[in-house]
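Dear colleague,

I am passing on the structure below, together with notes on what turned up in it.

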Amino acid sequence: MTEYSKIIFVCKENVILSPMAEWIMKSILMDKSKEICSRGLVVLFPEPRNMKVTDLLMNHAIPCEEQVSEEFTANLADEQTLILTMNFTEKVKLIEDYGLSSHVYTLKEFAEEEEEGEALEPDVRDPYSGDEEAYEESYNEIKDLLYKVKKKLQWS
């Protein structure tokens, strides 16, 4: 397996799922030498992170700095960069629009999240326009997947 030193979480606008994944991963990693960030594929202007995400992270005692959405650019990635998208459509866009063919996975795909006897549902549940419970479900899903990613990468 490739020795990764950086993870970029990617979602459409970089205001809900990818920032949530970024800060959860930062909170569960002890090794601060690893670079963790998030980006969006459709960022027309810098937009603040969704307030429900900030509130959720704070409720779980996850320290998170203020941040605004940033657009993904191919020069952010090198051979030691793992790119994890929140859904399959975003993975396809990275491959087609940026010519990235290796080191790009959906979060579920990389964590090898497969229900027995079921086909893999590649997308993380998007809580957009949902209530606090929907955000909580997304948080728990992402957190569980990230512990699997951490174990798979053998990061401390």
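The N-terminal end of helix 2 (residues 51-59) is capped by Asn50, a side-chain oxygen of which lies 2.7 Å from the backbone nitrogen of Lys52; a polar contact here is a pair of N or O atoms within 3.5 Å, where within protein one must be able to donate a hydrogen and the other to accept it, and residues adjacent in sequence count only if both atoms are side-chain atoms. Helices (H or I, at least four residues) and strands (E, at least two) are DSSP runs, numbered from the N terminus.

Before going further, please note that this is a predicted model, in which local features need pLDDT of at least 70 and side-chain atom pairs count only at pLDDT 80 or more, while totals for chains, interfaces and linings use all residues. Residues are numbered from 1 along each chain as its sequence is written, and side-chain values use heavy atoms, with hydrogens and water left out.

Within helix 2, Val53, Thr54, Leu56 and Leu57 are buried (under 20% relative accessible area, with exposed meaning over 50% and partly exposed in between, for a 1.4 Å probe and protein chains only). These four lie on the same side of helix 2 because they cover an arc of only 165° around the axis, the arc being that of the directions from the helix axis to the C-beta atoms. The face turned away from that buried side carries the exposed residues Met51, Met58 and Asn59. Helix 1 and helix 5 (132-153) are among the elements that cover the buried residues of helix 2, where contact means heavy atoms within 4.5 Å. Just after helix 2, Ala61 takes a positive phi of about 60°.

At its start, a side-chain oxygen of Asp131 reaches to within 3.2 Å of the backbone nitrogen of Glu133, and the helix is followed by Gln154, whose phi is positive, near 60°. The buried residues of helix 5, including Tyr135, Ile142 and Leu146, pack against strand 1, helix 1, helix 2, strand 3 and helix 4 (107-111).

Helix 1 is mostly covered, with 10 of its 12 residues buried, among them Trp23 and Ile28. What covers them includes strand 1, strand 2, helix 2 and helix 5.

Turning to the strands, six of the six residues of strand 1 (residues 6-11) are buried: Lys6, Ile8 and Val10 point one way, and Ile7, Phe9 and Cys11 the other way. Strand 1 pairs in the parallel sense with strand 2 (residues 35-40) over six bridges, where two strands pair if DSSP finds at least two bridges between them. The chain crosses from strand 1 through helix 1 (residues 17-28) to strand 2, and this β-α-β crossover is right-handed, that is, with the strands pointing away from the viewer, the path from the first strand over the helix to the second runs clockwise. Five bridges join strand 1 to strand 3 (residues 81-85), also in parallel, and Ile8 has Cys37 as its bridge partner in strand 2 while standing opposite Ile83 in strand 3.

Strand 3 in turn pairs in the parallel sense with strand 4 (residues 104-106) over three bridges, with Leu84 opposite Tyr105.

Best regards
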